[in-house]
Amino acid sequence: MSVKKERNSTKKKVHWLAYLLLLIGSVVFLYPFIWMVSASLRSLEELAASGMSIWPEHWRWGNYAKALTAFPFPQYLLNTVITTILPIIGTVLSCSLVGYAFARFKVKGSGFLFVLVLSTMLLPGEVTMIPQFILFKKLGMLDTLYPLIVPAFFGSAFYIFLMRQFYSRLPVGLEEAAIIDGCGYFKIWRTIFLPLSKPALMAVGVMVFMGSWNNFMGPLIYINSDKWKTLTLGLAGFQGTYATDTNLLMAAAVVITLPCILLFFSAQKAFMEGLTFSGSKES
Amino acid sequence: MMKKWSLIVLSLLVVIALSACSGNSESDSGSANSGGNSGAAKGKITFAFWGAQSEADAIKQAIDNFQKTYPDIKVESQWIQKDYLTKLQTMIAGGTTPDVMLISGGDLPGFANAFQELQIDKSLFSSPSFVDSMSVDGKVYAEPFIIKPKVMAINVDLFQKNNIPLPSQTVPMTTEEFKEISQKLTSGEGASKIFGSEPLWLGNWIYSFGGQFYTDDLSKSTLDSPEAIAAAEYIVSTKQEGIVPNDSEKQGQNMMNWYLGGRIGMFTDFGPWYLPQMADVQNFKWDLVPFPGNGGSKEVNGLALSKNSKNAEAAKLFINHMTQNEEAQKIIGGNKNAYGVPVIPSATSAFEAVAPNKNMQAFVLAAEKQHTQEAQKSTNEINNEMKAIDDTTPIGIGTKDVKEVFPQVAEKINNILQQN
């Protein structure tokens with residue numbers, strides 16, 4: 001009995017310790033975000049004198065109005081939404097289709113082809129930037145949203161890898177039964193593999209969302225006209241070479257970060273499931 | 001059946017959205033609908049520039065002013081918010097170089113190959129040094145557009161509290177006087193310590209001691225000169241005496257924020273870009289005085305013409321208007337966000353009116369007299385060698401004597417210059 005009690009109390013202590021560590025971790029990660037919100041409500045002068053404090057003396061809600069009217073916010077928002085949603089659709093469709101093929105069609109050379117696809121991940125963006133720019137110039141797509149959308153419809157090595165790992169673990173029996181029932185490969189992918197891979201698709205979707213929503217270099221390189229600019233470029237406008245309107249920058253950043261946070265929390269379960277299922281838990 | 005339909009609808013949505021992503025770029029090229037002063041020049045030109053929102057607003061206003069005078073020339077502005085040089089390099093490599101580009105004197109040598117040589121009358125500008133700053137190997141590649149000099153901002157209340165007479169508004173204080181005043185202004189301990197100045201930057205102070213980074217023909221480094229070493233030793237001494245924040249105190253801190261918070265008496269690296277922030281200051285009185293000694297360095301920004309411009313005539317008209325027209329220069333220089341000092345004398349009054357109660361004349365004088373930041377083609381390689389100053393001497397985090405390190409760095413830079 002006493003051994004059990006002792007075990008229980010040790011268990012409790014470990015729990016408390018774990019929660020304490022988690023609490024410290026949360027504060028460390030949460031503080032910058034809270035500071036961002038607090039900075040967005042201060043004047044530059046107050047910001048300069050505030051140090052670590054996160055409670056504004058005078059709450060300047062006007063900073064938000066000032067920040068969101070400093071650039072054509074609705075136009076930039078629309079462009080950001082378009083260049084986020086379409087790449088999600090494109091990536092999910094193309095990568096799941098290619099991942100399905102790599103997982104299920106074992107033909108001569110498919111292994112080599114898969115390695116070739118993965119090797120594209122080794123090329124840093126800086127190396128491909130100018131050739132891609134020239135490519136889109138030849139296609140007449142500069143200063144449009146196409147360069148930010150079209151590549152997603154042609155797959156991306158990392159997400160193809162993610163989907164292939166997921167599909168490799170699905171039982172072959174499902175597919176065989178479907179073939180006996182007269183299903184073609186495309187229909188098998190559409191009616192069996194796609195619905196079963198929702199967690200992985202969600203994970204891919206959330207990651208593409210984060211990447212596209214926060215994409216800075218793409219819009220910077222390909223877009224010149226104000227009418228096609230995205231929110232990340234709007235944010236950059238608050239930073240001069242030497243001086244920065246930190247309070248306005250933070251106000252706009254809060255508004256722009258909110259959708260990312262909301263999306264992550266609403267899709268958190270599927271996101272984690274998708275990552276662990278397609279990750280290292282191979283049986 | 002339903003799923004089939006949903007797929008079709010989805011595909012249609014994608015197609016519609018994609019078709020909405022591109023404008024009819026042809027429609028806005030070559031607009032020429034009404035007569036103006038442009039003579040034969042007409043059509044479209046592109047103009048690339050960097051800057052924060054406020055700076056971009058000032059430039060766009062000046063572009064509007066140009067369009068009013070030359071309605072036959074359409075200027076398509078390309079405001080590049082950040083990473084300007086990366087985008088410029090990509091556009092040049094990709095064959096889409098803008099007709100006119102804003103370029104700083106420091107970056108000019110690296111880009112001169114992409115620009116046309118210009119013939120400019122130096123006497124049009126407040127100082128012939130403006131045009132000299134836009135030259136590479138004796139050829140002028142850009143026309144001066146705006147000047148960003150450095151002055152010193154002082155906390156007047158702190159001076160009065162410590163019974164220190166206010167510095168002259170026209171005559172720069174000596175480096176000895178600067179140190180003496182800094183010592184008197186420094187007080188307190190820990191988080192509330194008040195410092196005489198922010199940490200001093202060699203890029204400004206080397207000129208205060210009569211030195212410079214290169215010989216006049218830019219062929220050799222002069223970091224091993226007695227003047228450069230004297231400036232370096234002076235910077236180290238201010239750190240050792242505790243009259244400027246040390247490395248651990250300044251780590252991750254914004255020194256302008258410290259000045260705004262009343263913890264710094266004299267902010268030496270004060271460019272016009274800080275003026276909008278100062279407009280809101282309520283908690284102390286402040287003013288501007290000249291940079292100590294012969295010091296500070298100015299940045300000259302100019303407008304360059306692309307070598308491959310298909311509408312060079314219109315682009316030249318645009319450059320001339322933006323740099324020489326009084327109204328355009330007043331729009332840029334008189335912008336409430338203090339873009340910089342205009343390059344022509346008749347427009348400087350607009351800049352001085354940005355902060356009418358402050359000694360803005362200090363900026364105007366500095367623009368004319370201050371040394372220009374010297375520039376080389378191999379900026380990255382040279383900067384890598386310059387890192388040794390911060391890494392190994394007490395100017396940064398090191399302990400080695402500046403007398404030992406500076407000649408070594410000068411030699412390495414000279415090797416780079418010889419190779420190129």
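Reply: Start with one pair of residues: B:K377 forms a salt bridge with B:D137, and their closest N and O atoms are 3.7 Å apart. That distance meets the rule, because a salt bridge needs a side-chain nitrogen of Lys or Arg within 4 Å of a carboxyl oxygen of Asp or Glu. The model is predicted, and the distance comes from its atoms.

To place this pair, look at how the chain is divided. Domain 1 of chain B covers 28–147 + 298–372, while domain 2 covers 151–296 + 375–419. Over C-alpha atoms, the centres of domain 1 and domain 2 of chain B are separated by 30 Å. The contact takes 21 residues from domain 1 of chain B and 21 residues from domain 2 of chain B.

The area buried between these two domains of chain B is about 1,700 Å², and carbon and sulfur atoms give 64% of it. Across this interface the rule finds one salt bridge. It also finds six residue pairs in polar contact, with both residues at pLDDT 80 or more.

Now take the side of domain 1 of chain B that touches domain 2. The elements that give two or more residues to this side are helix 4 (108–111), helix 16 (361–369) and strand 13 (371–372) of chain B. Helix 16 of chain B supplies the largest share, three residues. By residue type, this side of domain 1 of chain B divides into nine nonpolar, nine polar and three charged residues.

Key. Residues numbered from 1 in each chain as written. Chains lettered and ligands numbered in written order. Predicted model: local features only at pLDDT ≥ 70, side-chain atom pairs only at ≥ 80, totals over all residues. Heavy atoms only, no water. Domains from an automatic or database assignment. Contact = heavy atoms within 4.5 Å. Buried area = accessible area lost by both parts, 1.4 Å probe. Polar contact = N/O pair within 3.5 Å; in protein donor to acceptor, adjacent residues only side chain to side chain. Helix = DSSP H or I, 4+ residues; strand = E, 2+ residues; numbered from the N terminus. Nonpolar A, V, L, I, M, F, W, Y, C, P; charged D, E, K, R; others polar.
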